[in-house]
Each structure stands twice: as structure tokens, then as C-alpha cells.
Amino acid sequence: MKTKEITEKYAKKVSKRQIRNKKRTNYAWIIMVTLCALVISFGFSLLAELIIPNTSIVVAIITLLIFIFLGILFDMVGVAVTVSDEKTFHSMSAKKVKGARLGVKLISNAEKVSSFCNDVIGDICGIVSGSTSAMIATLLITKFNFNPLYITLVITSVVASLTIGGKALGKGLAIRQSNAILYRFARVLSVFYHR
């Protein structure tokens, strides 16, 4: 009976300590993600504001498609990192395959990586592509005298359908090819990450 009481008491102390540590980590993570989102969204928005008004409609549409593609790509990575098999990456890391060690690190922090890719980058790309589509609509209205209501509805609908359809296709692919997608992402990232 004493042994059981001691282990229960110890378990309670450990769980209280873990809860305290998790609270500290969560606040630090929330602050870091918020600051990252602020910087990235400022950069993307500034890029759109500099490019779109002073360019042709073709370049503006290409810029919009790039933002949509980035949102889809990072959404795929966010899904792939949560589904990938850590054992595969440990095996690759043991054989010194480039990017495999970073892949293990990404999988072990899957919650944060997924949150960053899906919520930060994905949502920012969605918001910026929305404002970019509004700028394109304004360009079309001023240059070609299109009806503001119809052109705005058409552009918004096309952007929404491309984003949603692309993410649906990307998520399916990320689930089926999770290891390959994460490996390619980790390999590219390993060029910039040295530790």
C-alpha cells in the first residue's frame, strides 16, 4: 500500500511539473508564431503592394498564382509532417542521407511544424491572395471598364475554388506520399539549416 501511495504522489508531482513546463513552452511558442506571422504577412503584403499596382495584369495574375501555390505547398508539408513515418527517417539518417536528420527533427516537432505550415504560411497566403485578387479586380475595372460587381465576384470565386481545390488535392497527395514530400522539403531546408 505504501508503494502505491508513493508512486501516486510522485506521479502527481511529475504531472504538475509537466503542466507548468507545457504552459511556459506554449506562451513562448504563441509569441514566436505571432511575431513570425506579423513579419511574413508584412513581407508578403508589401511584395504584393509593390508588384501589383505597377505591373501588367499578366504579372499580377502570375503573382496571385504564386501565392495560391505557396499556400497549397505549405499545406501539403503540414499534413505530410503529421503523417510521415519517423522510423523511415531514422533509418535514412543512420545512412547519412542528406536532409534525413532534419526530417526526424521536423517529425518530432510535428505539432509546431504543422501549425506553422498550415496556420501561419497557409493562412497568410490565403489572406494575401485575397487582397491581391482585389487589386487585380481594381486593375481590370480601371483598364477595361468592367462591371465592378461581376469582375469581383468572378475573381473571388476563381481564387477560392483554386485554393480549396488545390488544398484538397494536395492533402490527398500528402497523405499518400508523406515520406517523399517531407524528405524533399527537409532536403531543401537542409541547405539553409546547419546544426
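User: What does "buried" mean for a residue in this predicted model, and how much of the protein chain is buried?

Analyst: A residue is called buried when its relative accessible area is under 20%. In this predicted model, buried residues make up 34% of the 195 residues in the protein chain.

User: Why is D75 called buried?

Analyst: D75 has a relative accessible area of 4%, and because the cut-off for buried is under 20%, D75 is classed as buried.

User: Why is K171 called partly exposed?

Analyst: The relative accessible area of K171 is 35%; partly exposed covers the values between the buried limit of 20% and the exposed limit of 50%, so K171 belongs in that class.

User: What makes the pair K171 and D75 a salt bridge?

Analyst: The side chains of K171 and D75 meet at 3.6 Å, taken from N to O, and a salt bridge asks for a side-chain nitrogen of Lys or Arg within 4 Å of a carboxyl oxygen of Asp or Glu, so the pair qualifies. A search of the whole structure finds one salt bridge. The pair links distant parts of the chain, with K171 in helix α6 and D75 in helix α2, 96 residues apart.

User: How do you know that L162 may be counted in a nonpolar surface patch?

Analyst: L162, which is found in helix α6, is partly exposed with a relative accessible area of 40%; a patch residue needs over 30%, so L162 passes that cut-off. The patch, of about 400 Å², is made by I61, L65, V154, V158 and L162. Helices α2 and α6 each supply at least two of its residues, and α6 gives the most, with three.

User: How many helices and strands does the protein chain have?

Analyst: The protein chain has seven helices and zero strands, and residues 24 or more positions apart account for 80% of its contacts with a separation of 6 or more.

Notes
Residues numbered from 1 in each chain as written. Predicted model: local features only at pLDDT ≥ 70, side-chain atom pairs only at ≥ 80, totals over all residues. Heavy atoms only, no water. Patch = residues over 30% accessible without salt bridge, like charges linked within 9 Å, V, L, I, M, F, W, Y side chains within 5 Å. Areas by Shrake-Rupley, 256 points an atom, 1.4 Å probe, with all protein chains shown as cover. Helix = DSSP H or I, 4+ residues; strand = E, 2+ residues; numbered from the N terminus. Buried < 20%, exposed > 50% of the residue type's maximum accessible area, 1.4 Å probe, protein only. Contact = heavy atoms within 4.5 Å.
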